[in-house]
Amino acid sequence: QVQLVESGGGLVHPGGSLRLSCAASGRTFSNYAMGWFRQAPGKEREFVASISWSARSTNYADSVKGRFTISRDNAKNTVYLQMNNLEPEDTAEYYCVADYVLSPEITKIRGNYWGQGTQVTVSS
C-alpha cells in the first residue's frame, strides 16, 4: 500500500511559478515510476509529466514542455513538479500518480496509486 499526498498548490498570477510536491508513504520499498495528471472543470483528465524510478528519463505533455520540470528525490520518497510561466489554461486539480514497475527506466504511468489532488489556479 502506497499513500500519496500532494502539496504546493495555490493561486498565482499568469507568468508566475509554483512547485508541487508529492510525498509517498507506506510500503515504498519497491520501484515506482511517478508523475502528474491534471483535470480542469469541464475537461477530461490529462497527462502532465512523468519520471522513471531512476530519474534518468522524463516525459512531458506538449502543453507544458519547456515550462514544467519534473524531478524526484528517492531518498525522501518525494516527486516534484516545478511549474514556471504559468498560464490560465494550467488551472486544474493536479494529481500525483505512482506505478510499480520492474525497470528503473520506465516512464509510462497508468495510475496504480493516486493522490487526493492539489488545486492550482492561475488568474489575474
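Is Ala55 buried, exposed or partly exposed? At 37% relative accessibility, Ala55 counts as partly exposed; the word covers values between buried (under 20% relative accessible area) and exposed (over 50%), worked out with a 1.4 Å probe on protein chains only. Before the close-ups, a word on what you're looking at: this is a predicted model, where local features need pLDDT of at least 70 and side-chain atom pairs count only at pLDDT 80 or more, while totals for chains, interfaces and linings use all residues. Residues are numbered from 1 along each chain as its sequence is written, and side-chain values use heavy atoms, with hydrogens and water left out.

**View 1. Two loop residues with positive phi.** Ala55 sits in the loop between β5 (46-51) and β6 (58-60). Strands here are DSSP runs of E with at least two residues, numbered from the N terminus. Phi of Ala55 is near 70 degrees, a positive value in a residue other than glycine. Asn85, in the loop between β8 (78-83) and β9, also isn't glycine and has a positive phi, near 50 degrees. With a relative accessible area of 46%, Asn85 is partly exposed.

**View 2. The disulfide of Cys22 and Cys96.** Search the whole structure and you find one disulfide, meaning a pair of cysteine sulfur atoms within 2.5 Å. It joins Cys22 to Cys96, with 2.0 Å from S to S. Cys22 lies in strand β3 (residues 18-26) and Cys96 in strand β9, so the pair ties together parts that are 74 residues apart in sequence. The link of Cys22 and Cys96 is left-handed, with -85 degrees about the S-S bond. Cys22 is buried at 0% relative accessibility, and Cys96 is buried at 0% too.

**View 3. A sheet of four strands.** This open sheet has the order β1-β3-β8-β7, with antiparallel pairing; two strands pair if DSSP finds at least two bridges between them. At the edges are β1 (2-7) and β7 (68-73), each pairing on one side only. Six bridges join β1 to β3, and Leu4 stands opposite Ala24 in β3.

**View 4. Thr107 and its contacts.** Look for Thr107 in the loop between β9 (92-100) and β10 (113-114). Thr107 counts as buried, at 18% relative accessibility. Which residues does Thr107 contact, leaving aside its neighbours within four places in sequence? They are Ser50, Ile51, Ser52, Ser57, Thr58 and Asn59, where contact means heavy atoms within 4.5 Å.
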